[in-house]
Amino acid sequence: MPQLPATPYPAEVRARLDADAKEVLARYPGSRSALLPLLHLVQSEEGYVSRTGMAFCAETLDLTTAEVTAVATFYSMYRRRPSGDYQVGVCTNTLCAVMGGDAIFDTLKEHLGVGNNETTDDGKVTLEHIECNAACDFAPVVMVNWEFFDNQTPQSATQLVDDLIAGRTVEPTRGAPICSYKETARILAGFPDERPGAVEATGGAGPASLVGLKLAKGEALPQARVVAPRAGQPHDARPQDAQPQDAQPQDAQPQDAQPQDAQPHDPSPSEHLSSHDAPQQTSASDPEHPAGPAAEEGE
């Protein structure tokens, strides 16, 4: 059935949004470019992008509502229905999933009594699974209103949502203390975060992310021991080219010589190991589990 026209904003709300929209439009040479921040602006008013909000954006930018709707439905950061004060997203993409993301998501669903994209009865928390939070080196990762909570467990994630519901101050792993979803939307619209110390608290890349950058720059890393390969001898975590070839310590040993008394390293719970840290037997290298002859295409 055809829908009735969207209900307009009350006069005082419309006046405030018009003033804010004018400030946003002044940043762009072409008004159409202001659509994304304007969608965040109307989201900061109602907590989601309503039909009224899309009509406001269309009228302000001289677009059709179809053009605005096409953008609002494309980006997942725009909510199409009312949601909670805190958007809790659990990454369930491959790496986070195998590191515990699936377990975290299942635990939170049971603890909060909601399913994916559902909101608690008190309107505090909306839970969703996210395909990737772009922080794989800190897996498993949870985000609250787009702020990172790294290296989570079912227990820590449960405590996190309990603190949010109780109104306690919650600080992410990197970034300013959590604010409401509406306040976050206004910041994303391009307006300053006026909370004392919030800008200074904004974090950057974490140590795990910077390791790769240092390696790319050819910088040597501090010596580190990681879990031993199956041969039973530990190995150096640094790549062989991390040091200049002509600069070897006087007590350096040949690559094929390991200390006889060296013991395999037992990694701490905070360490994130990969298949490179502990090479596993494969069908090609394990005589007890041969792959067998390769089948021809179609067999």
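Helices (H or I, at least four residues) and strands (E, at least two) are DSSP runs, numbered from the N terminus. The structure is a predicted model, in which local features need pLDDT of at least 70 and side-chain atom pairs count only at pLDDT 80 or more, while totals for chains, interfaces and linings use all residues. Residues are numbered from 1 along each chain as its sequence is written, and side-chain values use heavy atoms, with hydrogens and water left out.

The protein has nine helices and five strands. Their order from the N terminus is α-α-α-α-β-α-β-β-β-β-α-α-α-α. The protein holds 299 residues, and 34% of them are buried. Here buried means under 20% relative accessible area, exposed means over 50%, and partly exposed lies in between (1.4 Å probe, protein chains only).

Helix H2 spans residues 35–46 and includes Leu-36. Leu-36 is partly exposed, at 34% relative accessible area. Ser-44 also belongs to helix H2. Ser-44 is buried, at 15% relative accessibility. A polar atom of the Ser-44 side chain lies 2.5 Å from the backbone oxygen of Leu-41. A polar contact is a pair of N or O atoms within 3.5 Å; within protein, one must be able to donate a hydrogen and the other to accept it, and residues adjacent in sequence count only if both atoms are side-chain atoms.

Helix H7 covers residues 181–188 and contains Leu-188. Leu-188 is partly exposed, with a relative accessibility of 38%. In sequence, Leu-188 and Leu-38 are 150 residues apart; in space, their C-alpha atoms are 9.6 Å apart.

Aromatic rings were examined next. Rings of Phe, Tyr and Trp (its six-membered ring) pair if their centres lie within 6.5 Å; planes under 30 degrees apart count as stacked, over 60 as edge-to-face and the rest as tilted. This rule gives three aromatic pairs. One of them joins Phe-74 and Tyr-75: the ring centres are 4.9 Å apart and the planes stand at 85 degrees, so the pair is edge-to-face. Tyr-75 also pairs with Tyr-78, again edge-to-face, at 6.3 Å centre to centre and 85 degrees between the planes. Phe-74 is exposed, at 64% relative accessible area. Tyr-75 is partly exposed, at 39%. Tyr-78 is buried, at 6%.

Phe-74 and Tyr-75 also contribute to the surface. With Leu-36 they form a nonpolar patch, and the three have about 330 Å² of accessible area together. Patches are made of residues with over 30% relative accessible area and no salt bridge; like charges are joined within 9 Å, and nonpolar side chains (Val, Leu, Ile, Met, Phe, Trp, Tyr) within 5 Å. A salt bridge is a side-chain nitrogen of Lys or Arg within 4 Å of a carboxyl oxygen of Asp or Glu. Accessible areas come from the Shrake-Rupley method with a 1.4 Å probe; for residues, only the protein chains shown count as cover.

Charged groups also meet rings. A charge sits over a ring if NZ of Lys or CZ of Arg is within 6 Å of the ring centre and within 35 degrees of the ring normal. Arg-174 places its charged end over the ring of Phe-148, 4.4 Å from the centre. Arg-27 lies over the face of Phe-191, 5.3 Å from the ring centre.

Several loop residues were also examined. Arg-79 lies in the loop between helix H4 (65–72) and strand S1 (86–91). Arg-79 is buried, at 9% relative accessibility. Between Arg-79 and Tyr-48 the C-alpha to C-alpha distance is 4.7 Å, although they are 31 residues apart in sequence.

The loop between strand S3 (125–130) and strand S4 (142–144) holds Pro-140. Ala-139 and Pro-140 are joined by a cis peptide bond, with omega at about -5 degrees. Ala-134 is in the loop between S3 and S4 too. Its phi is near 60 degrees, a positive value in a residue other than glycine. Ala-134 is exposed, at 66% relative accessibility.

Asn-145 occupies the loop between S4 and strand S5 (147–149). Asn-145 is not a glycine, yet has a positive phi of about 50 degrees. Asn-145 is buried, at 3% relative accessibility.
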